[in-house]
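Reader: Could you walk me through this structure, one feature at a time? I would like the general idea before each case.

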Amino acid sequence: MGTVVDAAAKKEANGSLADLNPTVVFVLGGPGSGKGTQCANIVQHFGYTHLSAGDLLRAEIKSGSENGTMISNMIKEGKIVPSEVTIKLLQRAMLESGNDKFLIDGFPRNEENRAAFEAVTKIEPSFVLFFDCSEEEMERRLLGRNQGREDDNIETIRKRFKVFLESSLPVIEYYNSKGKVRKIDAGRPVEEVYESVKAIFAPKNEKLTKCPFSLSLMLTFSILCLLR
């Protein structure tokens with residue numbers, strides 16, 4: 001039987017992701033920073049498709065494939081899954097979504113992920129949404145939630161913090177140097193965090209929608225005055 005990765009490769013043969021010219025937003029932040037909650041809000045209000053790299057990987061684990069077993073072992077050790085596996089899972093999900101606006105949550109996890117994604121998909125993110133939250137607050141949230149996640153124990157949580165600091169922060173710094181990072185203070189209540197998120201995604205010309213009509217009236221009036 002073929003794996004999800006094999007299916008992605010077949011799907012690619014029938015259509016290129018880059019041909020869709022999609023809008024891609026990378027969503028980064030430590031474990032427990034609230035990325036998933038805010039992504040749900042963005043999906044509801046702005047029409048994006050939310051793709052969680054972690055959810056896609058966990059689905060592959062449940063599939064019982066060889067890739068799934070490898071992924072499971074690496075997550076338990078707090079290691080990062082090979083780029084090729086995650087990128088293929090993301091590509092398949094994007095191509096099958098029917099959308100052209102994506103929130104990619106929890107990826108790229110390191111510089112190698114970043115470079116591989118751009119090289120394979122020929123896509124650069126529009127920007128990176130970075131949820132900045134203290135380690136103490138993230139740990140409190142993870143230990144307090146009741147989702148039954150196998151990796152929600154204190155030892156694995158701290159390994160995940162360490163991996164994020166060592167691997168993901170350089171990605172954020174890279175995109176920050178290109179002016180593509182939108183930093184959010186994620187230590188606040190959910191509603192306050194979403195207000196900051198909404199300000200980033202709301203159309204910047206929302207309050208100016210009537211300007212072209214008003215300008216047209218002004219020009220018409222000026223022309224009439226000159227003709228009198």
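This is a predicted model: local features need pLDDT of at least 70, side-chain atom pairs count only at pLDDT 80 or more; totals for chains, interfaces and linings use all residues.

Reader: How many helices and strands does the protein have?

Author: Helices (H or I, at least four residues) and strands (E, at least two) are DSSP runs, numbered from the N terminus. Here there are 10 helices and five strands. Contact means heavy atoms within 4.5 Å; among contacts between residues at least 6 apart in sequence, 78% join residues at least 24 apart.

Reader: What share of the residues is buried?

Author: Buried means under 20% relative accessible area, exposed over 50%, and partly exposed in between (1.4 Å probe, protein chains only). Of the 228 residues in the protein, 43% are buried.

Reader: Which residues touch the most other members in the largest nonpolar core?

Author: In soluble globular proteins, nonpolar side chains tend to be buried together. A nonpolar core is a set of buried Ala, Val, Leu, Ile, Met, Phe, Trp, Tyr and Cys residues joined through side-chain atoms within 4.5 Å. The largest one has 24 residues, and Phe26, Met94, Ile104, Phe107 and Phe117 touch the most other members. At least two residues of this core come from each of β1 (23-29), α5 (83-97), β3 (101-105), α6 (111-121), β4 (127-132) and α8 (154-177). The largest share, five residues, is supplied by α5. Beyond its neighbours within four places in sequence, Met94 contacts Leu17, Val24, Leu51, Asn99, Phe102 and Ile104. There is also a second, separate core of 23 residues, including Ile42, Phe127, Met138 and Tyr194.

Reader: Where does UniProt place a "binding site"?

Author: UniProt positions are given in the numbering used here, feature names are shortened, and annotations may be inferred rather than shown by experiment. One "binding site" feature, from an unreviewed entry, includes Arg58, Phe107 and Pro108. Arg58 lies in helix α3 (residues 53-62) and counts as partly exposed because its relative accessibility is 26%. Pro108 sits in the loop between β3 and α6 and, at a relative accessible area of 0%, is buried. Setting aside neighbours within four places in sequence, Pro108 contacts Phe26, Leu28, Asn113, Arg114 and Val171.

Reader: And is Ser33 buried or exposed?

Author: Ser33, in the UniProt "binding site" annotation (unreviewed entry) that also covers Gly34, is buried because its relative accessibility is 2%. Ser33 is found in the loop between β1 and α2 (35-46), and its side chain reaches the backbone oxygen of Gly30 at 2.8 Å. Gly34 is in that loop between β1 and α2 too, but is partly exposed, at 24%.

Reader: Which residues do ring pairs link into a cluster?

Author: A pair of aromatic rings is described by the distance of the centres and the angle of the planes. Rings of Phe, Tyr and Trp (its six-membered ring) pair if their centres lie within 6.5 Å; planes under 30 degrees apart count as stacked, over 60 as edge-to-face and the rest as tilted. The whole structure holds seven aromatic pairs, and ring pairs link Phe26, Phe107, Phe117, Tyr174 and Tyr175.

Technical notes: Residues are numbered from 1 along each chain as its sequence is written. Side-chain values use heavy atoms; hydrogens and water are left out. A polar contact is a pair of N or O atoms within 3.5 Å; within protein, one must be able to donate a hydrogen and the other to accept it, and residues adjacent in sequence count only if both atoms are side-chain atoms.
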